[in-house]
Amino acid sequence: MSLHQTISEGVKAAIQQLYSASLESVELQATRKEFEGDITVVVFPMLRVVKGNPVQIGENIGKYLVDAVEEIIGYNVVKGFLNLVISDAYYLHFFTSIKDDAQYGFKTPVKGDKAVMVEYSSPNTNKPLHLGHIRNNLLGYSVAEIIKASGKKVYKTQIINDRGIHICKSMVAWQKYGNGETPESTGLKGDKLVGNYYVKFDQCYKSEISELISSGRTEEEAKKEAPILIEAQKMLRKWEAGDEEVVTLWKMMNQWVYKGFDQTYKTLGVDFDSYYYESNTYLLGKDNIEEGLVKGVFYKKEDGSVWCDLSEEKLDDKLILRSDGTSVYMTQDIGTAIQRIKDNPDVGGMIYTVGNEQDHHFKVLFAILKKLGYDWADNLHHLSYGMVDLPSGKMKSREGTVVDADDLMVEMTETAEDASKELGKLEGYTEEEKQEIYKTVGLGSLKYYLLKVDPKKRILFNPEESVDLKGNTGSFIQYTYARTQSIIRKADFDYNSSIPAIALHEKEKELIKLLELYPETIENAAIELSPAIIANYTYDLVKSYNSFFQNVSIFGADTDEEKHFRVQLTGFVGSIIKSAFNLLGINVPERM
């Protein structure tokens, strides 16, 4: 039983014995720093079942708990708040019980429990990944790791949007202007090469529109009649008809892009268990539409189009199949969701990491899957997130002003290099070792900056600010981790001996209280699908450790027992920083 449970049960027993009343729940919170105590019992909610002065009620409960609960050694009452003082022996015992647990805070999956599938990334194969994709990948990957730590089996997946008019635009531009160049002949990553032709198409398209307008066409007519657009539309029809030449070109250019994506994912530190391709899934869903018509979930209009009545869900009716029998995106998404469960029968729920502009789409998708009667449809979640902006403004991929993911990661490594050189603490390291540290710090700063914010909020990303060694930044936390490892290296004695009863400094007690919250923090982050909960817990832990470091002498402790304990505490704090950052996909350097 946890300390909070012990206190809750003690308070309930006190109310029963002292007032012959029963409490359903007890409200506990951390004691405010200006008052003596560790855990506070909020008395006010009890007034619903116990009549009287809240201060006197608090006094009576406090006396009862000191006698009945051995961990409680004192109390004080401030208005309607009962502040309880917990014994040092409890905190020492608790720390001893966790300090050697390499998996502390993590739960083991229960046999037979349903797995969770997390979808993220899901890019188009006509351009490289950009800053928005970075937030998407980091969120999806981190949420998957957090859910895994909370005791669930997790599958990481993505659907690659590898078909459609946007793909044909890059293909047409490469045919017209590429002169046969390849990633090998240019030295460019394949996704960048293909992306350049997507931009080239847009430039040519705009030029043709201007010429047509000059010759007397309206803007609307010019947009439809531009020759290069007509070529792309013709190519799409050929692809759909299985034209061998077009399909061969499509496969070649897509392979260039996949190889480029893989390099970006490797640098970013994310991975996937499975891949779905829209070119394989775009016809899925039609059989499910027939099933829905039979069940009465869908209905046909006179023109033959198929719709879903969502009035009960307070949503507009949704088109599921066009009158000519062709599918819409919703059709594909219905079919893909059902196919994923067929492929992974142990999956009991799915999380879609997609920007907030698709909020309505997912409300409709989930509502339709529930109407179709799938039990797993109750466990579908849209991990909706806000856009990422830079001080220079919104990104536009068609115009070639997109913030390229690879370029940004290189820039972050260079920014970290500048910051590290100012510190001047890497003497004796080889250039290769230094570059690895710069990369670790740069990418860690980028990831933390994007993950510390609630996913729903829009972010203004500032590269220089993210590498600041002061404040709530990844590099500040990494620097503190490096500090803990430096202390461990300096400890030239066996500090792992058992610790006898010692008096704890308030800073030591504060750290142990935070360590006690780690399992609960993982659980909350998994429920809320929010890496920000882990990020900000880690920042609080680091702030507390630095306060301990500045106020308590480790190697100058009065006794060997105190010195050994402080090194043990430092080592375990370091391991929790590393563990928490792993959940965020962030590495930590042994030295900075």
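**Note on salt bridges and helix packing in a predicted model**

1. The side chains of K153 and D346 meet in a salt bridge, with 3.4 Å from N to O; the term denotes a side-chain nitrogen of Lys or Arg within 4 Å of a carboxyl oxygen of Asp or Glu. The pair links distant parts of the chain, 193 residues apart: K153 is in the loop between α4 (131-149) and β6 (154-160), and D346 is in the loop between α13 and β11. K153 counts as partly exposed at 42% relative accessibility, and D346 counts as partly exposed at 24%. Here buried means under 20% relative accessible area, exposed over 50%, and partly exposed in between, with a 1.4 Å probe and protein chains only.

2. The model is predicted: local features need pLDDT of at least 70, side-chain atom pairs count only at pLDDT 80 or more, and totals for chains, interfaces and linings use all residues. Residues are numbered from 1 along each chain as its sequence is written, and side-chain values use heavy atoms, with hydrogens and water left out.

3. The structure holds 29 salt bridges. One of them joins R340 to E119, with the closest N and O atoms 2.7 Å apart. This pair also links distant parts of the chain, R340 in helix α13 and E119 in strand β5 (residues 115-119), 221 residues apart. Both R340 and E119 are buried. Helices (H or I, at least four residues) and strands (E, at least two) are DSSP runs, numbered from the N terminus.

4. A salt bridge is also formed by K176 and E231, whose closest N and O atoms are 3.2 Å apart. K176 lies in helix α5 (residues 165-177) and E231 in helix α9 (residues 227-240), so the pair ties together parts that are 55 residues apart in sequence. K176 counts as partly exposed at 37% relative accessibility, as does E231 at 34%. Elsewhere, a network of salt bridges links K189, D191, K192, D404 and D406.

5. Helix α14 (residues 359-371) has 13 residues, which at 1.5 Å a residue should span 18 Å; its end C-alpha atoms are 19 Å apart, in agreement. The expected span is 1.5 Å times one less than the number of residues. Buried residues in α14 are H361, F362, V364, L365, F366, A367, I368 and L369. These pack against β8 (298-300), β9 (306-308), β10 (318-321), α13 (329-343), β11 (347-355) and β12 (380-385), where contact means heavy atoms within 4.5 Å. G373 follows α14 and has a positive phi, near 90 degrees.

6. The axes of helix α20 (residues 518-528) and helix α21 (residues 531-551) come within 7 Å and cross at roughly 155 degrees. That makes α20 roughly antiparallel to α21, a label given to angles over 145 degrees. Axes are lines fitted to C-alpha atoms, for helices over the stretch in contact, and angles run from 0 to 180 degrees between N-to-C directions. From α20, Y518, T521, I522, N524, A525 and E528 meet I533, I534 and Y537 in α21. By class, this contact has 6 nonpolar, 2 polar and 1 charged residues.

7. N254 is found in helix α10 (residues 244-268) and is buried, with a relative accessible area of 2%. Leaving aside residues up to four places away in sequence, N254 touches T125, D162 and I167. The C-alpha atoms of N254 and G190 are separated by 8.5 Å, although the two residues are 64 residues apart along the chain.

Definitions and conventions: Angles under 35 degrees count as roughly parallel, over 145 as roughly antiparallel, 65 to 115 as roughly perpendicular and the rest as oblique. Ala, Val, Leu, Ile, Met, Phe, Trp, Tyr, Cys and Pro count as nonpolar, Asp, Glu, Lys and Arg as charged, and the others, Gly among them, as polar.
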